[in-house]
Amino acid sequence: MPVKKPRSKNSQSAIRNPQSLVAVIMGSKSDWETMRASSETLNHFGVTHECYVMSAHRTPALVSKYASAAESRGIEVIIAAAGGAAHLAGVIAAHTTLPVLGVPMKSDALNGLDSLLSTVQMPAGIPVGTLAIGKPGATNAALFAIAILANGRPELKGKLREFRAAQEKKIRETKLD
Ligand code: RP5
């Protein structure tokens, strides 16, 4: 399992990084405050990843190029976050057979319900595994990606079990005032 700090910049050279197992893609820099939780969770497990802003409607050619090349570059899971008419995850999924996990961003107009429905309601044939709106979804998308990767990586499976055990311990030891 290669452990490397994530790249969070939008340079073309970073796009050619051969180390990343997971890609965290978001439609706008305004999504980063939420999507940082995906990156932090992947970091916690030592999973090499890369984070980029690219938009299905503002940079459609870049999204198409990136998603089409992701698998050949060694990426195994893509996390895609967007808000509003959130078609980023679906467009990425249309260009790759890698698992794509969608994270709906909380929006000003409809509190993220628009993002949720746009991301989750994929017609049959091109799946997007959609997580919860906002930060819980960002965290769980990373945990889901880790669970996928862990199937063929016993060391990572062990870390996931330890993480679950720590959560359980915390709840069992909770004392109320
Ligand atoms: C989407 O539009 C982005 O994913 C973001 O959630 C939303 C608003 O983007 P900005 O106007 O803040 O750039 O494409």
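Visitor: Where is Leu-110 found?
Guide: Leu-110 is found in the loop between β4 (100-104) and α5 (113-120), where helices (H or I, at least four residues) and strands (E, at least two) are DSSP runs numbered from the N terminus. This is a predicted model, in which local features need pLDDT of at least 70 and side-chain atom pairs count only at pLDDT 80 or more, while totals for chains, interfaces and linings use all residues. Residues are numbered from 1 along each chain as its sequence is written, and side-chain values use heavy atoms, with hydrogens and water left out.

Visitor: Is Leu-110 buried or exposed?
Guide: Leu-110 counts as exposed because its relative accessibility is 53%; buried means under 20% relative accessible area, exposed over 50%, and partly exposed in between (1.4 Å probe, protein chains only).

Visitor: Which residues form a nonpolar patch with Leu-110?
Guide: Leu-110 forms a nonpolar surface patch with Leu-113, Leu-117 and Val-120, and together they have about 350 Å² of accessible area. Such patches are made of residues with over 30% relative accessible area and no salt bridge, like charges being joined within 9 Å and nonpolar side chains (Val, Leu, Ile, Met, Phe, Trp, Tyr) within 5 Å. The areas come from the Shrake-Rupley method with a 1.4 Å probe, and for residues only the protein chains shown count as cover.

Visitor: Switching to the ligand, which residues are around it?
Guide: Around the ligand are Gly-27, Ser-28, Ser-30, Asp-31, His-57, Arg-58, Ala-82 and Gly-83, each with a heavy atom within 4 Å of it.

Visitor: And how far is a polar side-chain atom of Asp-31 from an oxygen atom of the ligand?
Guide: For Asp-31 that distance is 2.6 Å, and a polar side-chain atom of Ser-30 lies 2.7 Å from a ligand oxygen atom. From Gly-83 it is a backbone N or O atom that lies 3.1 Å from an oxygen atom of the ligand. Taken alone the ligand exposes 360 Å², of which the protein buries 67%.

Visitor: OK, salt bridges: how many does the count come to?
Guide: The count comes to 4 salt bridges, each being a side-chain nitrogen of Lys or Arg within 4 Å of a carboxyl oxygen of Asp or Glu. One of them joins the side chains of Arg-73 and Glu-50 at 2.9 Å, N to O. That pair links distant parts of the chain, with Arg-73 in the loop between α3 and β3 (77-82) and Glu-50 in strand β2, 23 residues apart, and both Arg-73 and Glu-50 are buried.

Visitor: What about Glu-76, which residue does it form a salt bridge with?
Guide: Glu-76 forms a salt bridge with Arg-153, their closest N and O atoms being 2.7 Å apart. Glu-76 lies in the loop between α3 and β3 and Arg-153 in the loop between α6 (135-150) and α7 (154-172), so the pair ties together parts 77 residues apart in sequence. Glu-76 counts as partly exposed, because its relative accessibility is 32%.

Visitor: Last topic, how many aromatic pairs are there?
Guide: The count comes to 2 aromatic pairs, including Tyr-52 and Tyr-66, which are edge-to-face at 5.7 Å centre to centre with 65 degrees between the planes. Tyr-52 sits in strand β2 (residues 49-53) and Tyr-66 in helix α3 (residues 60-70), 14 residues apart, and both Tyr-52 and Tyr-66 are buried. Rings of Phe, Tyr and Trp (its six-membered ring) pair if their centres lie within 6.5 Å, with planes under 30 degrees apart counted as stacked, over 60 as edge-to-face and the rest as tilted.

How values were computed: A polar contact is a pair of N or O atoms within 3.5 Å; within protein, one must be able to donate a hydrogen and the other to accept it, and residues adjacent in sequence count only if both atoms are side-chain atoms.
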